[in-house]
Amino acid sequence: MPSFTDHHVHFLASAAARLSVDVTPARSPSELVELISAAAPAGSAPAGSGWVRAWGYDDSFMTPARHPTRLDLDGAVPGRPVVVHHRSGHAAVLNSAALAEIGEPDHPDGVLFDRHDLLDRVPRLDPDALATAAAQVSREWWRDGITAFTDATHTNGPGELDLMSSWRAAGIIRQEVTAMVGRPSIGAVPGFGAMAGTVRVGPVKLMAPAPGPVAAAHAAGYPVAVHVVDVDALEATIDALAASPAPDGTVDRIEHAALSLPDQVARVAAIGAMVVVNPSFLVHRRTKYERDLSDVERPWMIRIGSWLRAGITVRAGSDSPVVPARPHEMIQAATAHPFDSSESITRAEAAGLLAP
């Protein structure tokens, strides 16, 4: 059976999603509330906490295209705290009871964007239940041929690395694991490429390409992996990486590189960065791209062929749990770009995106 590496996942989030009410089918705030109301009695939250946890909504697929609010959720499970996580992992919505419990009763709408400081106040999932879910995820990925993955979570620190390391040692995680770390963890975890127990330490993950954090990570011996989803972020990333070369023997990474201008391809090649794409987005998010992007922009979405022709090292990741970690789906998507046939690559080249 082929052996694949998924180069961009969020493993703990993938496991936690198994313990949550699945609201991915919701196409309106009212449908989301109905899904939570129907599932909540079965319990999807930390045992004994009374909390209800849901996952998977995407405002861009809703009508109207907006995030649900605290007022929407107040009608889902009256009196119980509810937290609903966005499919991307970069937003969450809390109802009034939940906001009161985390000390934010006056928050205007309950929508939190990358507020991990506040979400850390939400009760943790039961450790045994989370370990069971993690084993299920790892087993399914292994069945599909994924024998290694890189966890690209920007909040990873000593605790997350210790947890994944203990799971690997116990056989809960079957794959080889590389874990990116957040900038605050520089100095608190082993250096880049070293082992933290049974987990290899990866690049520093940055959600924004500010020159200062890039240079600081490089000075500490780490390459960086920068979250890039639009042309402005890519422009800033190119400038930041050009101004601060990666440490000797390392390569910086551009994660997602979702939308890129033609002239930016050559400039990425010039700085020597690796690009990590998400081919399955072309399957699962195609309708969004067709609706939101112009005819001119669509061929610039999730380039693959252009990066390879420019001599850039390209790897692929699922971004699980945003979309499923299915290697063969990624390979197929990379061979059949829906918006520009020149971005399609051969099956052999596509399989190479999932090489170590």
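The model is a predicted one.

**Helix H7**

- The buried residues of H7 include Leu 161, Met 164, Ser 165 and Trp 167.
- These residues lie on the same side of H7, because they cover an arc of only 160 degrees around the axis.
- Asp 162 and Ala 169 are exposed, and they sit on the face of H7 that is turned away from its buried side.
- Three kinds of packing partner can be looked up in the structure for the buried residues of H7: the helices H1 (11-17) and H6 (127-143), the strands E7 (146-151) and E8 (176-182), and the strands E9 (195-196) and E10 (199-206).
- After H7 comes Gly 171, which has a positive phi near 80 degrees.

- Leu 94 belongs to strand E5 (residues 91-94).
- With a relative accessibility of 0%, Leu 94 counts as buried, since the cut-off for that class is under 20%.
- Leaving aside residues up to four places away in sequence, Leu 94 touches Trp 51, Arg 70, Leu 73, Val 82, Val 83, Leu 99, Ile 102, Gly 110, Leu 112 and Leu 119.

**Backbone features**

- Most residues other than glycine have a negative phi, and most peptide bonds are trans.
- His 256 has a positive phi, near 80 degrees, although this residue is not glycine.
- The position of His 256 is within strand E12 (residues 253-256), and its relative accessibility of 7% places His 256 among buried residues.
- Asp 319 likewise is a residue other than glycine with a positive phi, here near 70 degrees.
- Asp 319 is located in the loop between E14 and H14 and is buried, its relative accessible area being 7%.
- Pro 321 lies in the loop between strand E14 (314-316) and helix H14 (327-335), and a cis peptide bond with omega of about 15 degrees joins Ser 320 to Pro 321.
- Thr 63 and Pro 64 are also joined by a cis peptide bond, with omega of about 0 degrees.
- Pro 64 is part of the loop that runs between strand E3 (52-57) and helix H3 (70-74).

**Second largest pocket**

- Rolling a probe the size of a water molecule over the atoms shows where empty space is left.
- The volume of the second largest pocket is about 560 Å³.
- Its lining consists of 29 residues, and those nearest the centre of the pocket are His 7, Thr 150, Thr 178, Arg 200 and Arg 253.
- Strand E1 (4-9), together with E7, E8 and E10, are the elements that give two or more residues to this lining.
- E7, E8 and E10 are also among the elements against which the buried residues of H7 pack.
- Classified by residue type, the lining of the second largest pocket contains 13 nonpolar, 11 polar and 5 charged residues.

Conventions: Residues numbered from 1 in each chain as written. Predicted model: local features only at pLDDT ≥ 70, side-chain atom pairs only at ≥ 80, totals over all residues. Heavy atoms only, no water. Helix = DSSP H or I, 4+ residues; strand = E, 2+ residues; numbered from the N terminus. Buried < 20%, exposed > 50% of the residue type's maximum accessible area, 1.4 Å probe, protein only. Contact = heavy atoms within 4.5 Å. Arc of directions from axis to C-beta. 1 Å grid on protein atoms, 1.4 Å probe; cavity = no way out; pocket = protein on both sides within 12 Å on 5 of 7 lines; lining within 4 Å. Points joined across faces, edges and corners; volume = space filled by probe spheres on them. Nonpolar A, V, L, I, M, F, W, Y, C, P; charged D, E, K, R; others polar.
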